[in-house]
Amino acid sequence: MPETSPARRRLVDLALWLLLSVPVLLRSDPNDGGSWLHVAAGVTVLGGCVAVSRRWPLLPLAVTCAASLPASLELFTPSYSLALVAFGYLAGRRQDHTRGSLWLFGGVAAVGLLLTRLTGTSLGPWFTLLLALALAIVAPWLVGRYVRQYDRLVRSGWELADRMEREQAAVADRERLRERSRIAGDMHDSLGHDLALIAVRAGVLEVDPGLGPEQQRAAGELRRAAAEATERLRDVVGVLREEGAGAPTAPADETVGDLVDRARASGLDVTLSGEAHSGEAHSGVVPELPGMAGRALHRVVQEGLTNAAKHAPGAAVTVEVRETGERVTVRVVSGPGAGSGPPASGGSGLVGLDERVRLAGGTLTHGPVRGGGFALTAVLPRRAPAAVPAAPTSARELDRARRRVRKDLVRAIWIPLALLAALAVLTAGVAVWSQSRSYLEPDNYARLLVGQAYAELVEDLPDHALERLPAGLSPEPGGVDECRYYRATVFAERPVYRLCFAAGRLVSRDELG
C-alpha cells in the first residue's frame with residue numbers, strides 16, 4: 001500500500017470512526033429498543049477497533065462479529081452491519097496472509113451453528129448467518145484483496161520503470177565498454193597477425209647471404225622488435241578485454257585464400273587444401289560459410305598461422321578445410337621447427353578463439369601431433385544457431401504480478417458465487433430433510449382408524465408434525481384436545497393430513513387441500 005503521512009492516516013481513521021458510529025447513534029431512539037448505554041459502548045468499541053485496525057486487521061472484524069452474534073443469530077444487525085463490511089474490506093486490503101481470515105470465517109460459522117443448537121432454534125437463522133457472512137464479510141474481504149494486489153501491481157510497475165531507466169543508462173555505458181573491448185580484440189587479431197608476418201620477413205632477411213653483417217643484424221633487431229611488439233600488444237589488449245565479452249564481430253575483410261597467400265608472400269611455408277561434398281580434394285578451394293561461422297573459420301586459420309610464425313619459425317604449415325554435410329572442419333598443422341609446440345605466451349589467443357568458435361556453434365581442439373608440431377582443429381556448422389534472447393527480469397516480475405492480480409480477481413468473483421451456490425444447495429437439502437420428517441405416507445394414513453388410542457397408531461406417524469401450517473385451512477372441529485398436521489407430499493405444502501385427538505384417542509382425520 002502507498003505510504004501516507006501519520007496526520008493523514010489519523011484523519012482517515014477519524015472519518016471512518018465517525019461513519020461507523022452513525023448506525024450505532026441511530027439506535028438511541030427508545031422506540032427502536034436502544035439506549036444511550038448501548039450507544040456509548042458501541043461507539044467506544046468501534047473507536048478502539050479503528051485504532052488497532054492498521055496493526056491487527058483481523059481483530060476489529062472478530063470484535064464486530066462477537067458484538068453482533070449475541071444481538072442476532074443471523075449476524076446482520078442495524079448497528080454493526082456497516083462495520084462488518086468496512087472491517088472485512090480493510091482486513092483483505094491490509095493483511096499479508098489469508099490463512100487467519102479463513103480461520104475467522106470458519107469460526108464465525110461454527111459459533112453461529114453452536115448458538116443455534118444451544119438456543120434450540122431451527123437452522124433457518126444459521127443459513128441467514130452464512131448468507132450474511134458471505135455477502136457482508138467475505139465479499140468485501142475479497143474486494144480488499146484484489147485492491148491490494150492491484151496496488152502492488154501498480155507500485156511494481158513504477159518501480160520497474162524507474163529501475164529500467166537506471167539500467168538503460170548502465171547498459172549504454174556497458175555497451176560502450178564492450179564495443180571498445182571488441183575493437184581491442186580486432187586490433188589484436190589483425191595487428192598481431194601482421195606483426196607476426198613482419199617478423200617472418202625479417203627472419204628471412206636475417207639469414208639472406210646477399211646482405212652484409214650490418215643489414216642482417218638490423219633485420220634481426222627488426223624481427224625481435226616485431227616479436228616484442230606483438231607481446232606488448234597482447235598484454236595491453238588483455239587488460240582492455242572485458243571478462244566474458246563476446247567475440248569481435250568484424251573480422252579482416254579477406255578470404256581464407258587471401259590470408260594464406262599473404263602469409264606465403266611473407267615467407268611462411270604454407271599449403272592450403274580443400275575438400276568439397278564429393279570428397280575430391282582441391283588445392284586452394286575453401287568453402288565459404290555465412291555469418292559467425294565464416295568469421296570463426298577465418299580466425300582459426302589466422303590464429304594457426306600466427307602461432308606457427310611465432311612459435312615454430314621455418315616450419316612447414318598445412319591448412320586443410322574439409323566440408324562434410326552440414327559441418328566444415330578446418331585443421332592448421334605446423335610441422336616441427338625451432339621452438340615448435342604449444343604457444344608459450346599463456347594461450348590467451350586460443351582462449352578467445354575457443355569462445356568465438358563456441359558462439360558460432362562449433363568446437364575447437366588443439367595439441368601436439370606425432371613426430372613433432374602442433375595442430376589446431378575446429379569443427380563449424382554451416383549455419384550458426386540463432387540466439388534466443390532471454391526475457392528481462394523486470395518483464396518477468398511484471399508478468400508474475402499481473403498473473404497474481406488476475407488470479408485474485410477470479411477469486412473475488414467465483415468464491416462468493418461458490419459460497420452462494422453451496423448455501424443454496426445446503427438450504428435445499430435441509431429443507432427437504434425437515435419436510436421428510438413430517439411426511440405421512442398415504443398407506444399409513446389409510447390404516448389409521450377413528451377411535452384408536454394414540455399409543456396404537458404412533459408407529460405409523462412421522463417423528464415430527466408440521467410447525468407452520470399453510471394458510472387457508474378449515475377450522476378445527478370442536479370438542480378436541482389437540483390436532484396434528486402432517487404433509488401428504490414431501491415437497492408441496494398442500495394437501496395436508498389433519499389428525500384430531502380427544503382423551504388420547506383419534507376422533508377425526510381429514511385430508512385438507
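**Exercise 1.** How many bridges join β7 to strand β8, and which way do the two strands run?

*Solution.* Keep in mind that this is a predicted model. Start with the pair itself: β7 and β8 (residues 496-502) run antiparallel, and six bridges hold the pairing.

**Exercise 2.** Work out which strands β4 pairs with, and find a residue pair for each.

*Solution.* First, take β3 (residues 317-324): eight bridges join it to β4 (residues 327-334), and the two run antiparallel. Here V321 stands opposite V330 of β4. Next, look at the hairpin of β3 and β4: two residues lie between the strands, and G325 has a positive phi near 65 degrees. Finally, go to β6 (residues 374-381), which is joined to β4 by eight bridges, again antiparallel. In this pairing, R327 has P381 in β6 as its bridge partner.

**Exercise 3.** Which residues of helix α8 are buried, and where on the helix do they lie?

*Solution.* Count a residue as buried if its relative accessible area is under 20%. In α8 (residues 256-265), V256, L259, V260 and A263 are buried. Now look down the axis of α8: the buried residues fall within an arc of 95 degrees, so they line one face of the helix.

Methods. Residues are numbered from 1 along each chain as its sequence is written. This is a predicted model: local features need pLDDT of at least 70, side-chain atom pairs count only at pLDDT 80 or more; totals for chains, interfaces and linings use all residues. Side-chain values use heavy atoms; hydrogens and water are left out. Buried means under 20% relative accessible area, exposed over 50%, partly exposed in between (1.4 Å probe, protein chains only). Helices (H or I, at least four residues) and strands (E, at least two) are DSSP runs, numbered from the N terminus. The arc is that of the directions from the helix axis to the C-beta atoms. Two strands pair if DSSP finds at least two bridges between them.
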